Amino acid sequence: MIYLYKLKTNKILRMCRRTDKEDRMCSHYCERELFAVSELEELAEQYEDIMEDCGHGRFQWTLFLVLGLALMADGVECFVVAFVLPSAEKDLCLSNAEKGMLGLVVFLSMMVGAFLWGGLADKVGRRRCLKVALGINCIFAFLSSFAQDYGFFLFFRLLSGIGIGGTVPIVYSYFSEFLQMDKRGEHLSWLCMFWMIGGIYASFTAWGIIPSYGWGLSMGTEFQFHSWRIFVLVAVLPAVASLIGLLFMPESPRFLLENAKHDEAWMILKRIHDTNWRAKGQPEKVFTVTHIKAPKTAEDEFIEIQSSTGTPVQRWAVRSLTLCKLVLRNMASLLSAELRLATLFMAVIWFCIAFSYYGLSVWFPDMIKHLQYEEYEAKVKTFHRERVENFHFNFSLENQIHIEGEYIRDKFISIEMKSVKFEDSLFEDCRFEDIRSTDTVFENCTIRSTVFYNTDLWEEKFIDCRMENATFEHNKHGCHLDTMRENDVLIYLVSFLGSLAVLPGNIISALFVEKVGRVKIIGGSMLISAGCSFLLFLSFSQAAIIVLQCLFCGVSAAAWNGIQVVTVELYPASKRATAFGLLNALCKLAAVLGSSIFASFVGVSKAIPILLSFSALVCGGLVALKLPDTRQKILH
């Protein structure tokens with residue numbers, strides 16, 4: 001139950017088995033360290049008793065909702081850029097490389113945010129860091145909706161991601177410190193459900209808002225505010241709601257006790273006690289705790305001594321430098337003898353499940369799009385050596401290939417050309433007017449005495465063509481006018497179903513996490529997920545892929561929930577958010593690698609992504625079975 005502290009005690013005793021010459025040098029250290037370990041164990045046991053006396057009631061449920069909204073905001077952030085890209089590329093003139101960078105920066109910024117805010121939360125405070133992180137997310141997500149060029153939009157989404165990246169490590173650490181032992185696993189699992197709700201919210205609102213591309217306003221070509229920008233604003237609402245709710249929530253009393261703030265912690269614990277028992281109809285029940293063991297650390301004294309001297313700028317510099325040192329020292333302590341094995345196991349498990357989950361989350365919709373493209377390409381119409389003279393094309397051309405055609409004195413007026421290719425063809429005395437095109441090219445053609453008026457047929461759409469007295473007048477400008485391609489609702493549908501499929505996994509893990517145990521939930525779910533990924537070898541249709549995606553997401557949810565509960569329980573309060581932040585940052589790195597690698601094999605090989613996913617999940621599942629059972633562990 002307290003094996004980490006037993007390891008630390010044994011380490012201290014071993015250090016004190018020195019020669020007589022060294023006895024004096026280590027005796028003081030041994031006494032101090034053993035006393036500190038004893039104090040922390042005493043605090044942990046007393047705090048657990050106090051939380052049992054406070055009960056589980058209205059206060060925890062209110063905090064559950066507030067923190068759930070923060071977790072929901074994190075879930076929304078993962079989907080925002082993917083949903084807006086098909087429309088945003090029209091407004092922001094995005095190339096394929098820029099679109100890839102925009103998708104990449106979401107996870108990289110969240111990785112930095114998790115690392116940064118997780119470390120700070122153990123030294124500055126859970127509530128304080130969460131408020132600042134959500135505030136940064138709200139401000140820059142709001143600004144990104146008005147950004148009119150790629151550079152600013154990328155910069156604002158980067159800062160928005162750094163802000164929201166802190167929610168996951170802080171939320172679980174924060175909430176766990178208000179829960180008694182027998183409620184902890186179940187209610188942390190229920191909290192995980194808000195990430196799923198965030199995915200559903202993002203999918204549903206995107207589906208309802210973005211396809212209505214006519215929404216919004218324009219001020220010439222300089223300022224465009226279309227429907228996708230409205231969705232970006234709507235997506236930030238959960239973060240705003242959580243931030244408002246946090247204003248009425250207290251700091252974690254366990255954090256305050258760890259930092260020798262006894263009186264403030266006592267007042268918060270009394271508030272929790274009175275709120276819960278008043279809601280249960282027993283307002284007369286008195287909070288009987290009068291004294292709580294609150295160890296004072298040398299680190300706190302160091303900050304106090306340094307901050308009492310010098311100018312304000314010097315004090316700020318000393319505080320900032322000291323804080324950085326303490327955060328880095330705390331991170332380094334995760335690899336100390338008593339925590340090294342736990343950290344290594346958790347790093348492997350986090351990496352394996354994130355690599356597979358996010359990799360397949362990208363692979364599923366991309367594979368469906370590839371199947372659709374193959375089906376669309378199979379229906380292409382090919383025209384060989386056609387000769388058309390004095391004809392007025394007043395109907396759209398779609399999914400066609402024209403080879404060695406001759407078009408003499410023809411008119412192409414007010415039409416759309418979608419997925420059309422003219423190859424080795426001749427255009428003489430023709431007129432193209434008011435043309436909108438998508439995936440349309442002229443390759444090795446001869447364009448003679450032809451006028452292009454108010455079209456989006458630009459130079460890059462003519463490949464190795466010979467221009468003889470061709471005229472281009474009033475070409476369309478602005479990337480938002482380059483295409484009339486309809487928004488594909490498939491991406492919303494697949495994401496919506498994938499998020500909804502998580503619900504069974506959430507419910508099962510919440511109901512059985514205490515009965516079955518975290519370790520069996522994690523290991524079993526990851527191994528079953530590996531089996532689901534292997535079944536993808538049998539998927540030859542869009543429907544089969546969607547069904548297997550739902551099955552995979554549902555089973556994986558139980559593993560995710562168990563992993564987050566165990567991460568909270570394995571580490572002491574002084575390192576909990578730091579460890580969670582570091583592991584969550586590793587998760588985002590795995591997500592970047594997984595999504596990049598899996599996406600590169602779409603249309604090339606189905607076997608490699610499936611085998612990679614299967615291997616990673618089996619590896620993670622087997623390592624998970626080596627974890628200690630933390631069900632009856634008092635949080636230290």
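The legends below describe an overall view and close-up views of a predicted model.

**View 1. Overall composition of the protein.** The protein contains 21 helices and 17 strands (DSSP runs of H or I with at least four residues and of E with at least two, numbered from the N terminus). Of its 636 residues, 53% are buried (under 20% relative accessible area with a 1.4 Å probe, protein chains only). Among contacts with a separation of 6 or more, 67% join residues 24 or more positions apart (contact: heavy atoms within 4.5 Å).

**View 2. An open sheet of five parallel strands.** The strand order is E4-E7-E10-E13-E16. Strand E4 (387–389) and strand E16 (466–468) form the edges, each pairing on one side only (pairing requires at least two DSSP bridges between two strands).

**View 3. Parallel partners of strand E9.** Six bridges join strand E6 (residues 397–403) to strand E9 (residues 416–423) in the parallel sense, with Ile 403 opposite Glu 423 of E9. Strand E9 also pairs in parallel with strand E11 (residues 431–438) over three bridges, where Lys 418 has Thr 438 as its bridge partner. Three bridges likewise link E9 in parallel to strand E12 (residues 441–443), and Glu 423 stands opposite Glu 443 there.

**Notes on the model.** Residue numbering starts from 1 along each chain as its sequence is written, and side-chain values use heavy atoms, with hydrogens and water left out. In this predicted model, local features need pLDDT of at least 70 and side-chain atom pairs count only at pLDDT 80 or more, whereas totals for chains, interfaces and linings use all residues.

Terms used. Buried < 20%, exposed > 50% of the residue type's maximum accessible area, 1.4 Å probe, protein only.
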